[in-house]
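Here is a briefing for a reader who is new to this structure. Please look over the sequence and the model before reading on.

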Amino acid sequence: MDSLTCRHLLDSLSDYIDGTLDETLCREIEAHMADCENCRIVVNTLEKTILLYRDLPASDLPDDVRQRLYTSLNLDDFLDSKKNKH
Ligand SMILES: [Zn+2]
């Protein structure tokens with residue numbers, strides 16, 4: 001079984017932030033974040049962005065908005081650039 005990678009974390013991130021993710025996976029994500037500064041930054045940024053949306057009257061974050069968030073945060077580029085440094 002592979003250990004949790006940054007990619008896995010990002011796949012589960014929206015559910016994690018929504019609070020709908022399986023508790024075991026939440027713990028894995030938190031454990032990963034403890035060791036991975038990249039993912040801490042990504043999660044913090046995403047949480048802050050989503051909290052801004054939650055202050056709006058329409059509190060549900062539609063999938064297309066969430067998708068735009070991911071795109072605007074350039075998560076793929078972010079992870080790829082970090083990977084290339086190793
Ligand atoms: Zn990571």
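In helix α2 (residues 23-35), E23 and R27 stand 4 residues apart, which means that about one helical turn separates them; helices here are DSSP runs of H or I with at least four residues, strands are runs of E with at least two, and both are numbered from the N terminus. This is a predicted model, in which local features need pLDDT of at least 70 and side-chain atom pairs count only at pLDDT 80 or more, while totals for chains, interfaces and linings use all residues. Residues are numbered from 1 along each chain as its sequence is written, and side-chain values use heavy atoms, with hydrogens and water left out.

**Salt bridge**
- The side chains of E23 and R27 form a salt bridge at 2.6 Å, N to O, where the term requires a side-chain nitrogen of Lys or Arg within 4 Å of a carboxyl oxygen of Asp or Glu.
- A search of the whole structure finds 1 salt bridge.
- R27 is exposed, with a relative accessible area of 54% (exposed is over 50%, buried under 20%, partly exposed in between, with a 1.4 Å probe and protein chains only).

**Zinc site**
- C6 (SG), H32 (NE2), C36 (SG) and C39 (SG) are the protein donors of the zinc ion, at 2.0 to 2.3 Å from it; donors are N, O and S atoms within 2.8 Å of the metal (3.2 Å for Na, K and Ca), and since water is not among the atoms, sites may look incomplete.

**Whole chain**
- The protein chain has 5 helices and 0 strands.
- Of its 86 residues, 31% are buried.
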